[in-house]
Amino acid sequence: MNRILRKLFSNATSLIGIILLIIFIAIAIFAPVIAPPLSEDRYIIPRMSWDIDPQPPGSPMSDDIRDIYNYMGAEIKYDRAIFGTAEGGYDIFYGLIWGTRTAFKIGLITVSVSMLIGLFIGSISAYFGKWLDEILMRITDIFLSFPFLVAAMVLTTVLGRGLDKVMIALIVFGWMGYARVIRGNILSAKEETYVMAARALGVKDNKIIWKHLLPNTIFPVLVEASMSIGSMVVTASALSFLGVGAPVGYADWGQMVSFARNWIIGSPGRAGQYWYTVLYPGIFIVLFVLAWNLIGDTLRDILDPRLRGEL
Amino acid sequence: MLSYIIRRLLLLPVILMGVTLLIFCVFSLLSPMERLATYVHDPNTLKNSQAMGRLIEKYHLNDPFPLGYINWLKRIINFDLGWSQTANQSVKDAISQRFPVTLELVLYSIIPVILVGIWLGVLSAVHHNDMLDQTIRVTAIIGWSLPTFIFGLLVLFIFYGILGWFPPGRLSSWAQDIVYTSSNFHSYTHLITIDALLNGNIPIFLDALRHLVAPILTLSYISWAFLLRITRSSMLDTLRKDYIRTARAKGVDEHTVIHLHAQRNALIPVMTISGMMIIEMLGGVMITETIFTYPGLGFWTATAAQQLDYGSVISFALLFSSLMVIGNLVVDLSYALIDPRVRLE
Amino acid sequence: MKRNFLFIVFLCLTLMLFTSFSFAEIKNPDTIIDACIGGPESLDPHWAYDTSSGQVIYEMYDNLINYKGKSTAEFVPMLSTEVPSVENGLISEDGLTYTFPIRKEVKFHNGDILTPEDVVYSIKRALIFDRSGGPTWMFCEPLLGVYGIEDKVVEVYGLENYSDIFVDGDPRGELKPEKKYKEAMIKFFNDYIDKTVEVDGDKVIFHLAQAYAPFLNILAHSGNWSAIINKKWAIAQGAWDGQADNWWKYHDPEAEKDPLYAVENGTGPFVLKKWVPEEIIMLERFDDYWRGPAKIKNVQIKYISEYTTRKLMLQTGDADMMYVPLQYISEVEKIEGVIVEKNLPQLANVVSMFPWTINAEGNSYIGSGKLDGKGIPPDFFSDIHVRKGFSYLFPYDIFIKTVAKGMAIRNPGPIPKGIMGYTADPALFYPFSMEKAKAEFKLAWGGQLWEKGCKFTIFYNEGNDTRKAACDMLSTYAKMLNPKFNLEPVGVQWSTYLKAFLTEKLPIYTIGWQADYPDPHNWAPVYMGSKGDYAGFFGEAYREFARKNVDPLLEQGLKETDPVKRAVIYKELTQIAHDQAISIYAYQPGGTHAQRLYIGGWYYNPILPGLPACADFYYLTKGE
């Protein structure tokens, strides 16, 4: 463990990744301070104006909206759109800051749950073998045969919009990779002498799985999982782009980008006029995924037994 | 070998049934009135509540789940895939119209993916851990982190909006005229580039190519990062092998060692994976097709999924699943053929 | 070596590619290209009930009469040689008989000559075809007095359901074998369908079941359902053969069994060249058109759902006109070489409706279902003070200014501007006033509402940002007025919306309507009648009220032939809408049209089918 951490910190690429990740974690934790919520539901992005056009960075809150807050006696803790507003007057800055929390939520929950499911199915399938293995692997094949994006779209369309529905869809169609990997690893580890010895000694099956097999085979899975966190966030934002996913106005990075869709080319003659609608959300998404990928990539190199001597 | 192939192929119908059953299940979660939404886009078409009942009856939206599934199976056996409300044509026509389009796009995308991915992967492995390796890896990772839709929109903007080089769609108007309506143009394969060449029509060939560049760029750039990593690790693996060490010891020059010996062997697993990549691409082509208005399967399926046109979604899933199963089989077979140590149980 | 060779090949290809680009002055000089969204559902005039199909059918088929230029109230003859009226005797005094002398020497696209037989066949086939969810109810209402032919069969023979007379209750299957069923169906045809329209020499005569003021509107060119098709050709394609003894087999078929879905043979100025569904439709000029050939040789309508792509096409000249959603119009205006028309009066409006009784069964949208601050009772909106309160609460002008960018106007009632019966009487408009809203709410439910508050969901259809903004505004201002008013705006999929709508579970819902034809009978009943497309779902309490107070007026308005008297009747209805605060008549959107400068001959008529605002391609020119 220590060796791994040491290696991670010493490698330039992974170090950058770790720093980025720490920044994001800080943003997520301190979100209420950085972008104080203006209404009860903190994940609904406040509107700076009712305007359809995106407003440039630094624009002040429009008077109509200011009147509303004054009337309600609510304190206006900040009244400038630092990063500008997206289509419909949604404050981009707020959306991105609170979207960090959403991103972590999506990434961590979907990956951990699908990993657990995959581990469970993969390990019992590999360990007990025979017809249980056959059935479970066929079921895995069925799920694998689904075109992922289509399946996710269908599920979210049927279940309705909402962050939880998106996560369900991602989990339902995301566990198969883990199942296969762990199964493969266990299948080879099963023939190892220490396992045979444990069996000969009469150690119970689940103890063997838990204490011997899993710990020795789980690392590649963890590496895969960490890299998936980034791609889960990208997939979730792709779903938002396609029109299913988090509800409109929810603080989610994919939402912010989908707002930019029709403004990305700006006005003729002033191409890129609405650069802030794409750039800011884009940076957040890219850096977040980058962080996980940098760490994961190096981690994979570290754990690759064939490269053990090199790093 | 033959029995292995047959056994694997026997799995195909099982998997197909499983896939379709699952999709059907999901759609059955909706009540008949919700599924009516596929056919009713405006409440004004339901002049009175009678119309609602008639529509539900007409499209069998009320059938209990097992009955609905069995009816659908019966039609499938007769190759009647039903009508696609979102494509406004029969599902069979919709698929046969769109499949070549997507196929053309995906096939052409594979070329830059393979060329660039492998080249960079080899390079990266050979210069393992020094600046070049790091740079390539980071570029690949960045490429992998940028969502397709942002990249696609930017490509559209730069290459069409500003430069005017690569327009969206599949063909320009004049080319469309000829391909769709001229009796002189024969569509043998429905892959326009190939057809144009077969008809000896170079301008159309170039026009089709011109419309392909931007989507190919968008579709391929994620995949080459993936291929790069696979190539790199496979190459690293191979470079450590004994016979490489022997070749070096024998004094063979480095260039030959890398390209003649290592690369050839390292690429074997890579090539087989490429096969699966083609099929994966078929599944992920939705966003690219949407942005560039490329009238293929992905775009249509995305729309169908959103409008609960389950007949279309199921048919696409069937197609895709079949390809996946067959593709997996081909990959496993090629592993076995190439590496005699692999035994097929 | 191999690598260098590949590289050279690549270089050559790229070179060839770039030299193949043509940057012509005006691209495609003999083709006009329209970039739209959607795509036609069917080319069969009797099936299609969507604007995309309508737009295309409009160009390929003609009707008996046409609208005069930009007017929605005046007609000119088309396939008929005269426009019937009471004055020229072609409409009978009682309004039940219409006579149309049919024009001679008009050619169909396949060369056949138009005869009165074709007209009669078209109408009868429409009645028989009567697809569920289709447009032919517009014939059934005047010619049979009901909304659909099945309803007439049920009425005449006192059946429970139309499907009862079929084996296994399958109306697409066989009739029950007993002879009496077949005889009854044949008799039905002869007694009712056959008598609705007949040939008399070179004239066609319609016999209506009830006096129907908008009958000419229904027949006019813009309604694809009354396009005239070629009888001989249609029969050859496999459509109804014109006989009485099997008409039910051609009734309400499934889409794949409709022989006319992808083919056409009209008398219109354009011929179908190629249709690739959801992608493109290509039309070519019909040189033997009876009005003289169109000016432009080819028309292409491309269906591109991505707004950005359409806009770029318009910019580069790859498209000559495009559909622009309202919020992006300011962007499109700035494109060089493009002209944009705004604020075109559209025959459409958006309304937020209050159902008087909400279906409470398993309904989570009304919270606790009681007036305890955590929900609303199912008859919440039956209290007029509640409705009036909300009518004062909606910020009409702010909405029109910011969300609709000023390109919309208010309506006082269900009838929009441009339709006869519209009134701009300022007394009928509810002003946006927090004070008045407060006063009304305090009176609601004996003061309990103000004290306890309320909580419910308001809906909009996912993907519609203007409606979302409207809901957000209502919710925000309600909260401002009284913090105990919790209106939660929720966007749902169309399927969920539809189901909730049909089961009458929606509290306030916002939806729009677009004209089938420009007559108040296509508006007032929808929003106010007890059987209205929308109002019919307001619950039993409303339906009762409507039956007593609204329906009789609607009847009158329908049958009245004097336009002055009609206007008075519809004004009275608007007054009722106001006094009862039946709905929030949020806005009537202005249409927009974006095209390149070198397109000439475009004019606006709100009734032209297609997305706003489309064109009558017959008159368009490209270039000088």
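Reader: Before we start, when does a residue count as buried, and what percentage of chain B is buried?
Author: A residue counts as buried if 20 or more other C-beta atoms lie within 10 Å of its own. Please keep in mind that this is a predicted model. Chain B has 345 residues, and the share of them that counts as buried is 47%.

Reader: Which element gives the largest share of the side of chain A that touches chain B?
Author: Chain A brings 40 residues to this contact, and chain B brings 46 residues. On the side of chain A, helices H2, H6, H7, H11 and H13 each supply at least two residues. The largest share is nine residues, and it comes from H13(A).

Reader: How many nonpolar, polar and charged residues does that side of chain A have?
Author: We are still on the side of chain A that touches chain B. Sorted by class, it has four charged, eight polar and 28 nonpolar residues.

Reader: And which element supplies the largest share of the side of chain B that touches chain C?
Author: Here 49 residues of chain B are in contact with 49 residues of chain C. Elements of chain B that each supply at least two residues include strand S2 (89–90), helix H3 (49–58) and helix H10 (202–239). By class, this side has 27 nonpolar, 15 polar and seven charged residues. The largest share, six residues, comes from H3(B).

Methods
Residues numbered from 1 in each chain as written. Chains lettered and ligands numbered in written order. Predicted model: local features only at pLDDT ≥ 70, side-chain atom pairs only at ≥ 80, totals over all residues. Contact = placed C-beta atoms within 7 Å. Helix = DSSP H or I, 4+ residues; strand = E, 2+ residues; numbered from the N terminus. Nonpolar A, V, L, I, M, F, W, Y, C, P; charged D, E, K, R; others polar. Buried ≥ 20, exposed ≤ 12 C-beta atoms within 10 Å, placed from the backbone.
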